Amino acid sequence: MSLKTLLFNGPIIRQRADNLEMANRILRLGIASILSFLLENDIEAQLVDPVTQNEFEIKKKIKKFQPGLVGINAYTSEVHAAATTAAWVKSIYPKAKVVIGGPHASAVPQRTLKEFSSFDIAAIGEGEQTMLEIADNRRSLSDIAGICFRSNTRIIINPPRTLIENINALPYPPWELYQLQNYSGSNLASGFAARINLFRRNYKNLELPVEGARGCPFGCIFCYRTMGRTMRYKSAQRIVDEVQRNVEKFGATQIHFIEGTFGVNQKIAQEMCEELIKRNLHRKIRWASGGRVNLLLNKELVNLMKQSGCNYLGIGVESGDEEILEKIGKGININQIKRAFRLCHEAGITTEAEFILGHPFETEETIRKTINLACSLPTRYATFAILVPFPGTEVAQMAKKHVGGLKILTEDWRVYGKQIGKSLELKQLPHEKLLEHQAAAYRKFYMRPSHIPALVSRLNKDRIMYGIKNVFGKLT
Ligand code: B12
Ligand code: SF4
């Protein structure tokens with residue numbers, strides 16, 4: 001008999017002191033996609049959403065539903081909270097088996113089971129078929145690819161799972177099962193008016209995430225690619241069909257194309273924009289995505305993106321120093337950065353330039369170049385994260401060997417957040433220095449008269465708040 005399955009849209013986070021940047025109010029597409037896939041395959045599955053349900057309600061649900069299987073998604077910084085959530089679930093319904101999935105469990109599955117006894121299984125990579133096979137309950141765990149599990153006192157890891165080839169066939173996320181009225185999304189695609197409502201979420205603009213592709217072919221050494229490097233694409237028609245459904249069925253006014261690198265396949269990107277315009281959706285939605293400068297050099301495409309409703313791109317720039325850009329495997333140069341931001345600016349797309357401080361071989365001089373580049377770009381927003389050696393990344397390996405001066409400060413996953421930056425320092429740039437430079441970067445970028453409105457408009461963003469508090473020294 002198949003197992004009744006309960007999926008958590010993220011762990012229950014009680015203690016937020018160290019988690020300032022966790023904008024936890026996000027609709028996690030990974031969990032939504034698994035939920036939809038299970039339901040399509042006749043598994044009795046339900047959603048638990050710690051954002052919209054309190055612990056009392058969740059407890060009641062667990063008691064009533066009696067799940068044989070529970071799935072939780074967690075980023076590295078959330079894995080402790082996920083383990084506490086798992087233990088809590090088991091204290092209510094001890095028969096539940098808990099699967100932990102997402103980037104952290106995928107990168108270090110054995111270690112995750114060793115560290116946290118409340119997890120029974122760690123899922124590695126793509127989770128739809130994996131979770132279906134576990135819930136289906138007909139095979140022994142040793143026959144399910146892409147998992148790591150406990151067998152008596154041993155921890156066993158199975159071979160990896162073959163990637164889903166035809167991602168077009170994945171069902172739409174079941175947003176009807178979410179209390180969407182409590183989600184403002186990340187507000188990425190909303191305009192200045194929506195952003196100005198300080199400290200409040202803007203519930204009027206419903207933003208729904210849409211996935212257009214899986215994988216990333218690039219090799220940035222600080223990034224963990226949960227979906228691997230092989231690209232798989234949805235067709236422009238399939239993507240726009242989902243956008244249209246989100247608009248017509250749920251009243252979405254904003255779409256976040258969640259792949260970090262919009263437009264790896266420029267032909268599909270172009271077709272998608274044309275299709276949005278053809279179906280008149282460009283008048284009904286605004287859309288945002290993560291951009292990469294080498295994919296934003298085609299003026300016609302950038303203009304078409306704007307025309308089709310794109311009004312926000314977060315673009316990974318990482319450094320203002322050519323040598324560092326090369327060393328971190330970014331594969332872009334300063335000229336490309338300047339051109340991409342100029343094209344977006346001319347097209348009228350609001351941009352956020354995303355930088356990292358503390359790269360291997362970073363020095364005071366290279367940080368100075370980064371800050372100068374940030375201030376010279378025609379971008380409304382900039383973020384200056386401190387490098388985090390996420391498990392499974394090349395940077396984590398380098399840091400263990402002290403390459404480029406890197407030194408890991410702790411493996412307490414709770415502080416593995418990009419803005420907090422308590423996980424790593426460099427021999428030539430101690431932690432305190434990195435924080436000082438981060439503060440200086442935010443100060444120099446946002447304290448220019450032209451950027452005060454941008455600063456004010458982002459007061460409801462935890463990470464910018466962190467930067468601001470840091471600037472004024474109110475945070476340790
Ligand atoms: C989009 C995105 C965001 C969006 C999310 C928007 C949204 N509505 O979902 C935003 C901008 C909000 C965001 C924020 C952050 N992000 Co982010 N994000 C991504 C990105 C680009 C795509 C994630 C995604 O949705 N993929 C599509 C879905 C379908 O895939 P998925 O989530 O991986 O889920 C699949 C599998 O992982 C697995 N799975 C997942 N959960 C579970 C659970 C079970 C039980 C099972 C069986 C399987 C399973 O199955 C799923 C379906 O196949 C990834 C990079 C990448 N390409 O993966 C980074 C990434 C996930 N983010 C990352 C980070 C660090 C963050 C932040 C913590 C950054 C920060 N500020 O410090 C924040 C925190 C978010 C929070 N918790 O509040 C890291 C995570 C690294 C780590 N080890 O923790 C990644 C990997 C990028 C990187 N730097 O390497 N992010
Ligand atoms: S940072 Fe972006 S471009 Fe680089 S490897 Fe990660 S997802 Fe790909």
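# A first look at this predicted model

Strands β3 and β4 run parallel to each other and are paired over five bridges. Of the 476 residues in the protein chain, 47% are buried. Among contacts between residues at least 6 apart in sequence, 74% join residues at least 24 apart.

**The pair β3 and β4, and the helix between them**

- To find the pairing by eye, look for Leu69, which stands opposite Lys97 in β4.
- From β3 the chain passes through α3 and on to β4, making a right-handed β-α-β crossover.

**A closer look at β4**

- Is β4 mostly covered or mostly open? It is mostly covered, as five of its five residues are buried.
- In a regular strand, side chains alternate between the two faces of the sheet.
- In β4, Lys97, Val99 and Gly101 point one way, while Val98 and Ile100 point the other way, and all are buried.
- On to the next partner: β4 and β5 run parallel and are joined by two bridges.
- Within that pairing, Val99 stands opposite Ile121 in β5.

- Strands of a sheet pair through backbone hydrogen bonds, in either a parallel or an antiparallel sense.
- An antiparallel example is the pairing of β5 (residues 121-123) with β6 (residues 147-151), which extends over three bridges.
- Ile121 takes part here too, standing opposite Phe149 in β6.

**Around β11**

- Strand β11 spans residues 254-257 and is covered on both faces.
- On one side of β11 are Gln254 and His256, on the other Ile255 and Phe257, and all of these are buried.
- Strand β8 (residues 207-210) runs parallel to β11, and four bridges join them.
- Leu208 has Ile255 in β11 as its bridge partner.
- Four bridges also join β11 to β12 (residues 286-291), and these two strands run parallel.
- Here the bridge partner of Phe257 is Ser289 in β12.
- The chain crosses from β11 to β12 by way of helix α9 (residues 266-278), and this β-α-β crossover is right-handed.

**The two ligand surroundings**

- Ligand 1 is surrounded by 45 residues, and the closest are Gly30, Gly71, Asn73, Gly101 and Gly127.
- Several elements each supply at least two residues of that shell: α1 (29-40), β3, β4, α4 (103-107) and α6 (128-136).
- Which element gives the largest share of the shell around ligand 1? That is α1, with five residues.
- Sorted by class, the shell of ligand 1 has 20 nonpolar, 18 polar and seven charged residues.
- Around ligand 2 you will find Cys216, Phe218, Cys220, Cys223, Arg225, Gly260, Thr261, Arg292 and Gly316.
- The shell of ligand 2 has four nonpolar, three polar and two charged residues.

- Lys64 sits in helix α2 (residues 55-65).
- Is Lys64 buried or exposed? Lys64 counts as exposed because it has 9 C-beta neighbours inside 10 Å, and exposed means 12 or fewer.
- Between the C-alpha atoms of Lys64 and Tyr93 there are 9.9 Å, although these residues are 29 places apart along the chain.
- Val317 belongs to strand β13 (residues 310-318).
- Why does Val317 count as buried? Val317 has 28 C-beta neighbours inside 10 Å, so it counts as buried, for which 20 or more are needed.
- Leaving aside neighbours within four places in sequence, Val317 is in contact with Val293, Ile337, Ala353, Glu354 and Phe355.
- The C-alpha atoms of Val317 and Lys330 are separated by 8.6 Å, with the two residues 13 apart along the chain.

Note on methods:
Residues numbered from 1 in each chain as written. Chains lettered and ligands numbered in written order. Predicted model: local features only at pLDDT ≥ 70, side-chain atom pairs only at ≥ 80, totals over all residues. Pairing = 2+ DSSP bridges. Near = placed C-beta within 6 Å. Nonpolar A, V, L, I, M, F, W, Y, C, P; charged D, E, K, R; others polar. Right-handed = clockwise from strand over helix to strand, strands pointing away. Contact = placed C-beta atoms within 7 Å.
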